[in-house]
Amino acid sequence: MTSKQEPLEFILTKRKTSSKRDVSNRVEDFNEIYSSNNNDVLSQQASRCLDCGNPYCEWKCPLHNYIPNWLEQVALGNNQLAYQLMYETNPLPEICGRVCPQDRLCEKACTINDEFGAVTIGEIEKNISDQGIENNWSTNLQEAPVTKYKVAIIGAGPAGLGCADQLARDGIKAIVFDQYPEIGGLLTFGIPSFKLEKQVIRKRRKYLENLGVEFKLNTQVGTDITFDQLKSEYDCLFLAMGTYKNVTTNIPNIDAQGVIQALDYLIGNIDHCEKFNYRPANYYDLKDKNVVVLGGGDTAMDCVRTAIRQQAKNVTCIYRRDQLSMPGSPAEVNNSQQEGVDFLFNYSPVSVEIDPVNQSVKGINLQQTILSADNKIKALQNTNTFVEADAIITAFGFRANPAAWLKEHDIEIDPLGLIITGTKVNKSNSQQTTAENIFAGGDMVRGADLVVTAIADGIKAANEIITYLSEK
Ligand code: FAD
Ligand code: SF4
């Protein structure tokens, strides 16, 4: 511990009374302290924080992480304290540091972003929390009072894990059910390993289990265990089952052999590479193939970059608007371009061309598009073109696929299939559903969104459950 280091409790108390910190002598201090090269780089980055007094970064982060406070501690070399501050507000900082679209969130809001480039907040969060987990730097957890309550969580994705962590910190037993053989939801079975190494999730699982969270994997609620059983055995339930229905298009031959839906492709590849052996038949090997990916979001970028890693012959991404209108993170598009993906902008699919003999994909017919004044896509006549392909991956996004048994249990769902919570169903708790002791969050409430927003919902739900149970 250095002379500049303050205890966690003190920093947290100070946050409540002041948002401005004393940054005098920061540079001198950190020059003395650092020994490791990696830590040198991290502290230099962290010391770029101007302590602007208006923590826009913190407001823009959906978890409202104490970013300027932990940057200060990293700059001072107090990595352990920095990690403890990170973990105060974020149960999965090592994951957010890797997969958050920082260029749309915290780093976009950084005061120095426009002129000098943002402080690399995500990179610092990732590296410090990796150190935190490796060295077991979390504190005070054994001190949580143990209560008599038990909560069942359905879904071990980021929303479920966020909820479980918060409940465990408050002494409530959390039992998490998931149909997959590993925790993480889309963190494990969606986001490719080159963006999020799966051993990171395994380490977090170990940590959560040590905290007292119990996982019941390979267990599909509704099939392997009934919802009624969970309702009768637990004090509260948290639903965090995600959204898994692929958005499709009805162009001719879209069901042909060789057309693959994005999530099937990504899950099959992770399942194969990580040897989960969950659905071995769903593995698509695109080595030496001409691959076309339809779509312009982050999932499309995950598909093109996975196909590149499978050593596809050519990978072309086709998007019906221009590059600036792409919904995903610009950094991901940039990565894809650097890795050799070709992009065709302002083209829309017309039909899948198939081989008349074996009915498998030969390519895709396209038409050029322009954006009309009211931002609608208009196809241009006589602009048809053909792109050869052995495989076409469709990545048009996801819709809700609520389980049939939700309605049977008086859980209200909107016309898009999303669970309705909070004031919209006359509940003062933002994550509470129409059923009294059942809460919900993540993608199945807000629609396909982000890891960090799912975590935020999970924490919020846990806090609401804690209050609900204490008032019972
Ligand atoms: P999920 O992560 O979907 O978890 C739901 C869990 O519920 C699953 O494990 C599922 O098996 C389980 N489940 C469902 N039904 C049952 C049942 N009946 N019984 C038992 N278990 C059940 N976001 C980012 O911020 N950054 C990214 O880089 C990013 N990349 C993405 C890449 C892809 C390919 C996809 C599809 C999404 C990506 N996202 C990304 C979005 C992000 O992954 C999701 O918003 C987030 O995972 C939602 O969390 P969740 O907990 O609500 O649901
Ligand atoms: Fe930035 Fe995401 Fe970390 Fe928040 S959780 S500080 S948005 S990387």
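## Ligand 1 and its surroundings

An oxygen atom of ligand 1 is placed 2.6 Å from an N or O atom in the side chain of tyrosine 244. The structure described here is a predicted model. Two further contacts of ligand 1 involve the protein backbone. A polar backbone atom of leucine 186 is 3.0 Å from an oxygen atom of the ligand, and a backbone N or O atom of aspartate 443 lies 2.9 Å from an oxygen atom of the ligand. On its own, ligand 1 has 1000 Å² of accessible area, and the protein covers 95% of it.

The shell around ligand 1 contains 33 residues, and the closest are Val99, Asp178, Val221, Tyr244 and Asp443. By class, the shell is made up of 18 nonpolar, ten polar and five charged residues. Four helices each supply at least two residues of this shell: α11 (158–169), α14 (262–273), α15 (298–309) and α19 (451–470).

## Cavities within the protein

The structure contains two cavities of 30 Å³ or more. The volume of the largest cavity is about 90 Å³. Its lining consists of 14 residues, and those nearest the centre of the cavity are Cys61, Asn65, Cys100, Cys106 and Glu125. Ten residues of this lining are nonpolar, three are polar and one is charged. Helices α5 (67–76) and α10 (121–134) each contribute at least two residues to the lining of the largest cavity.

The second largest cavity has a volume of about 30 Å³. Its lining is formed by Asn246, Val247, Gln261, Ala262, Thr394, Ala395, Phe396, Gly397 and Phe398. In this lining, five residues are nonpolar, four are polar and none is charged.

## Helix α6 and its buried residues

Helix α6 spans residues 79–89. This helix is largely enclosed by the rest of the structure, because nine of its eleven residues are buried. The buried residues are Asn79, Leu81, Ala82, Tyr83, Gln84, Leu85, Met86, Tyr87 and Thr89.

Asparagine 79 belongs to this helix. Its relative accessibility is 7%, so asparagine 79 counts as buried. The side chain of asparagine 79 is joined to the side chain of glutamine 131 by a polar contact of 3.1 Å. Glutamine 84 is also located in helix α6, and with a relative accessibility of 9% this residue counts as buried. The C-alpha atom of glutamine 84 is separated by 19 Å from that of cysteine 49, and the two residues are 35 residues apart along the chain.

## Asparagine 127 in helix α10

Helix α10, which supplies residues to the lining of the largest cavity, contains asparagine 127. Asparagine 127 has a relative accessible area of 16% and is therefore buried, since the term applies to values under 20%. Along the chain, asparagine 127 and isoleucine 364 are 237 residues apart, and their C-alpha atoms are separated by 43 Å.

## Two residues with positive phi

Most residues other than glycine have a negative phi. Two exceptions are described here. Aspartate 51 has a phi near 55°, which is a positive value in a residue other than glycine. Lysine 275 is not a glycine either, and its phi is positive at about 60°.

Both residues are found in loops, aspartate 51 between α3 (37–46) and α4 (56–60), and lysine 275 between α14 and β7 (290–294). Is each of these residues buried or exposed? Aspartate 51 has a relative accessibility of 4% and so counts as buried. Lysine 275, in contrast, has a relative accessible area of 70% and is exposed.

Key: Residues numbered from 1 in each chain as written. Chains lettered and ligands numbered in written order. Predicted model: local features only at pLDDT ≥ 70, side-chain atom pairs only at ≥ 80, totals over all residues. Heavy atoms only, no water. 1 Å grid on protein atoms, 1.4 Å probe; cavity = no way out; pocket = protein on both sides within 12 Å on 5 of 7 lines; lining within 4 Å. Points joined across faces, edges and corners; volume = space filled by probe spheres on them. Nonpolar A, V, L, I, M, F, W, Y, C, P; charged D, E, K, R; others polar. Near = heavy atom within 4 Å. Polar contact = N/O pair within 3.5 Å; in protein donor to acceptor, adjacent residues only side chain to side chain. Areas by Shrake-Rupley, 256 points an atom, 1.4 Å probe, with all protein chains shown as cover. Buried < 20%, exposed > 50% of the residue type's maximum accessible area, 1.4 Å probe, protein only.
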